[in-house]
Amino acid sequence: TSLSRNCLGGPADSSTDQRVESLFSLNGTDLLCGGNGANAEPIARNVADFQVMYLRQDNSAPSDSKIQRLSAAAVGSNWPQVVGVEVCLVLFGSEPIDVPASSTYVGCDGANVDMTALAAPRTRRLHLVFRNVFQLRSQGLI
């Protein structure tokens with residue numbers, strides 16, 4: 001039995017797939033995931049934002065290695081230099097609360113978001129930001 005599974009628990013052990021594929025998308029406030037030929041299914045509700053950034057190690061200057069935070073498009077052809085992935089998810093509550101004036105949170109893009117100025121269905125809802133970085137491969141030595 002393979003321990004490598006996508007976001008929906010596939011592919012099956014009998015599958016001939018050579019890779020595990022998880023394809024995420026945001027549909028309104030639902031986070032969907034599909035992959036390895038399976039149709040996308042909702043995996044989380046009340047999602048205000050979902051972003052994935054890639055951490056690329058730049059060793060172009062000797063003894064001055066830098067980690068760059070890039071979108072998938074900005075990585076270009078440098079995928080072998082990607083050493084990590086940062087996933088950010090903002091969830092909001094389902095019940096309205098009394099939000100004090102000038103209440104803010106820091107969103108996935110690093111900007112302050114004014115919770116009192118949000119449109120429905122996010123207005124007067126508690127927002128929680130979840131961010132995690134996953135190491136994909138060793139950064140190696142310079």
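The protein chain carries 11 positive and 13 negative side chains, and the centres of these two sets lie 2 Å apart. In this tally Lys and Arg count as positive and Asp and Glu as negative, while His and the chain ends are not counted, and each charge is placed at NZ of Lys, CZ of Arg, CG of Asp or CD of Glu. The model is a predicted one, in which local features need pLDDT of at least 70 and side-chain atom pairs count only at pLDDT 80 or more, whereas totals for chains, interfaces and linings use all residues. Residues are numbered from 1 along each chain as its sequence is written, and side-chain values use heavy atoms, with hydrogens and water left out.

The accessible surface comes to about 9100 Å², of which 51% belongs to carbon and sulfur atoms, as computed by the Shrake-Rupley method with a 1.4 Å probe. Of the 142 residues, 27% count as buried, that is, under 20% relative accessible area. Among contacts (heavy atoms within 4.5 Å) between residues at least 6 apart in sequence, 52% join residues at least 24 apart.

The secondary structure comprises 1 helix and 9 strands, arranged along the sequence in the pattern β-β-β-β-β-α-β-β-β-β; helices (H or I, at least four residues) and strands (E, at least two) are DSSP runs, numbered from the N terminus. Strand β4 (residues 47-58) pairs with strand β6 (residues 82-92) in the antiparallel sense over 9 bridges, where pairing requires that DSSP find at least two bridges between two strands. In this pairing Gln 51 stands opposite Cys 88 of β6. Strand β4 is also joined by 5 bridges to strand β5 (residues 66-70), the two running antiparallel, and here Asp 58 stands opposite Lys 66 of β5.

Within strand β6 lies Gly 84, which is buried, with a relative accessible area of 3%. Apart from its neighbours within four places in sequence, Gly 84 is in contact with Met 53, Tyr 54, Leu 55, Phe 134, Gln 135 and Leu 136. By comparison, the C-alpha atoms of Gly 84 and His 127, which are 43 residues apart along the chain, are separated by 26 Å.

Note on methods. Buried < 20%, exposed > 50% of the residue type's maximum accessible area, 1.4 Å probe, protein only.
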